[in-house]
Amino acid sequence: MRQYNVGILGATGTVGQRFISLLDQHPWFTVTAVAASPRSAGRSYAEAVGDRWAVEGEIPQTVADLTVYSVVDDIDKIAGSVDFVFSAVDMDKDEIRAIEEAYARAECPVVSNNSAHRWTPDVPMVIPEINADHIQVIEAQRKRLGTSRGFIAVKSNCSLQSYVPPLSPLRARYGLKDVLVCTYQAISGAGKTLDQAPEITDNVIPYIGGEEEKSEREPLKIWGAVGDGIIESAASPDLTAQCIRVPVSDGHLAAVFFSFASDNKPSEAEIIDCWRNFSGRAQALDLPSAPKQFLHYLAEDNRPQTRLDRNLEHGMAISVGRLRPDTQYDYKFICLSHNTLRGAAGGAVLTAELLCKEGYI
């Protein structure tokens, strides 16, 4: 596999730091450009981050001495020096949309962790194991942008990574009618540590701005199909969500209730077998960041647990447990994902690997 020079937009922030950490020693990707706000530009990366480094371990030496570019002012310099960029910028959504499109128009592919372009009709929102075929829409996007190389691809909201993966093979095989999900989301989803969030100590906060709307709408785009140059969202299942902030550092857990579209329902054993045998394009291509086993069913009554299971397969696998019949829906289960790995930077890195392997980058 060829080697790729990579830039990171928003490199000094929490997600940008996670990209730096994950890409250290990556077999395909080398970080050669880092960019942040104009006030950080011109300083070394280590100086710009200062005491705000929040990821385990030290700043990789290969990145520490890189001079920080301005995300806004150095678009052409960055685009001309890398094969693609990861976007983790912290700006207003309209500004993010404009910046990411500016990089794409400068013939620099953008793999974004941000939500700004998730509802742009010709921008694929990818979970590589589930809807890898959506990257086909990139050709239509390039025609709209007038580019030969540049495009934007995004990853979905972090909380979806817990419940959309186990629901997906069931939807594909049996059809789903109704889904209710309650997510219990770590404080790192708000870009904070437990020490930085005194409001969460001995507390549960039953509101995360905009999260429930994303949790109800984004799965339908992921389960949709490419048609006439856009991604058309799926019409079903009906999905409702509640999203709750809980006092844990990392890991988004979900309680899921669901009913099948027909009366011909599979058994518990058939559902578990469906999960254990499910794999996607990421596994078929043996991508470096892909978990060997995407969905792990844990049979113990008290699993998955956030602290015990969030780092499963380097935080890139999904753990599922407590499948049982429900009195109002057909079944219910618990599932868990690591929100800053599979749900954020790690998911974007896996998406970039898919795009490279499939020839889009």
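Modeller: Helices here are DSSP runs of H or I with at least four residues, and strands are runs of E with at least two, numbered from the N terminus. The model is predicted, so local features need pLDDT of at least 70 and side-chain atom pairs count only at pLDDT 80 or more, while totals for chains, interfaces and linings use all residues. Residues are numbered from 1 along each chain as its sequence is written, and side-chain values use heavy atoms, without hydrogens and water.

Colleague: What span does helix H9 reach from its first C-alpha to its last?

Modeller: The expected span of a helix is 1.5 Å times one less than its number of residues. H9 (residues 211-222) has 12 residues and reaches 16 Å, close to the 16 Å expected.

Colleague: Which residues of H9 are buried?

Modeller: Buried means under 20% relative accessible area, with a 1.4 Å probe and protein chains only. In H9 these are Glu211, Ser215, Glu218, Pro219, Leu220, Lys221 and Ile222. Their cover includes helix H8 (160-174) and strand S7 (176-185).

Colleague: How are two packed helices described?

Modeller: By the angle between their axes and the distance between the axes. Axes are lines fitted to C-alpha atoms over the stretch in contact, and angles run from 0 to 180 degrees between N-to-C directions. H8 and helix H10 (residues 268-276) pack at about 115°, with axes 9 Å apart. H8 is therefore roughly perpendicular to H10 (the term covers 65 to 115 degrees).

Colleague: Which residues make that contact?

Modeller: Contact means heavy atoms within 4.5 Å. H8 gives Pro166, Pro169, Leu170, Arg173 and Tyr174, and H10 gives Glu270, Ile271, Cys274 and Trp275.

Methods: Buried means under 20% relative accessible area, exposed over 50%, partly exposed in between (1.4 Å probe, protein chains only). Angles under 35 degrees count as roughly parallel, over 145 as roughly antiparallel, 65 to 115 as roughly perpendicular and the rest as oblique.
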